Amino acid sequence: MLVTTPYRYLIGPGDDVGAELVDDLCRWHDRMVAHVRRHGASSRCGCGDPDDCPRIEARDLWRRAMNEFGVDAAPLTFLRQHGGGDVHG
C-alpha cells in the first residue's frame with residue numbers, strides 16, 4: 001500500500017471520524033509547510049496574521065489527533081511541534 005502523506009496510515013477501513021481528521025491534517029500539513037517556507041520555523045511566528053496562521057490551527061488538530069488516535073498520534077512530530085504553545089503572543 002502506498003502512503004502519500006504522513007497521516008493516512010492512521011486510519012483503517014470504515015473509520016469515518018479518523019478519515020475526516022486525516023483529511024484536515026493533510027490540508028493543514030500543506031499549508032504549514034508553505035507557511036514555514038515563507039516565515040521560518042522558529043517557535044515565534046513572524047507572519048503577523050494570527051487569525052489565518054496554520055500554527056493556530058495546529059493546536060486544535062493536535063488535540064483532536066491525541067483524542068482520536070491516542071498513542072498512535074505520537075509519531076506526528078511536525079504537528080506536535082507546531083501544535084503547542086502561544087506562537088503569536
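Trainee: Which residues does H82 touch, not counting residues up to four places away in sequence?

Mentor: In this predicted model, H82 touches W28, M32, V36, R55 and A58 once residues up to four places away in sequence are set aside. H82 itself is found in helix α3, which covers residues 77-82.

Trainee: What makes H82 a buried residue?

Mentor: Buried means a relative accessible area under 20%, and H82 has a relative accessible area of 4%, so H82 is called buried.

Trainee: How do you know how many helices and strands the chain has?

Mentor: Helices are DSSP runs of at least four residues and strands are runs of at least two, and on that basis the secondary structure comes to three helices and zero strands. From the N terminus on, the elements run α-α-α.

Trainee: How do you know whether the span of α2 agrees with its number of residues?

Mentor: The expected span is 1.5 Å times one less than the number of residues; for the 16 residues of α2 this should give 22 Å, and the end C-alpha atoms are 21 Å apart, which agrees. For α1, with 24 residues, the reach from the first C-alpha to the last is 34 Å, close to the 34 Å expected.

Trainee: What follows α1 and α2 in the chain, and what is phi there?

Mentor: α1 is followed by G40, whose phi is positive, near 90 degrees, while just after α2 comes G70, with a positive phi of about 55 degrees.

Trainee: Which residues of α1 are buried, and what do they pack against?

Mentor: The buried residues of α1 are G18, L21, V22, D24, L25, C26, W28, H29, M32, H35 and V36, and the buried residues of this helix pack against α2 and α3. In α2 the buried residues are P54, R55, A58, L61, W62, A65 and F69, and what covers them includes α1 and α3. Across the chain, buried residues make up 33% of the 89 residues.

Trainee: Why is C26 called buried?

Mentor: C26 has its place in helix α1, and its relative accessible area is 10%; with the cut-off for buried at under 20%, C26 is therefore buried. The C-alpha atoms of C26 and Y7 are separated by 6.9 Å, although these residues are 19 residues apart along the chain.

Trainee: What makes A41 partly exposed?

Mentor: Partly exposed is the class between the buried limit of 20% and the exposed limit of 50%, and A41, with a relative accessible area of 45%, is therefore partly exposed. A41 lies in the loop between α1 and α2, and it touches V36, R55 and Q81, not counting residues up to four places away in sequence. A41 and H82 are 41 residues apart in sequence, and their C-alpha atoms are 9.0 Å apart in space.

Trainee: What share of the contacts with a separation of 6 or more comes from residues 24 or more positions apart?

Mentor: Such residues account for 56% of the contacts in the chain with a separation of 6 or more.

Key: Residues numbered from 1 in each chain as written. Predicted model: local features only at pLDDT ≥ 70, side-chain atom pairs only at ≥ 80, totals over all residues. Heavy atoms only, no water. Buried < 20%, exposed > 50% of the residue type's maximum accessible area, 1.4 Å probe, protein only. Contact = heavy atoms within 4.5 Å.
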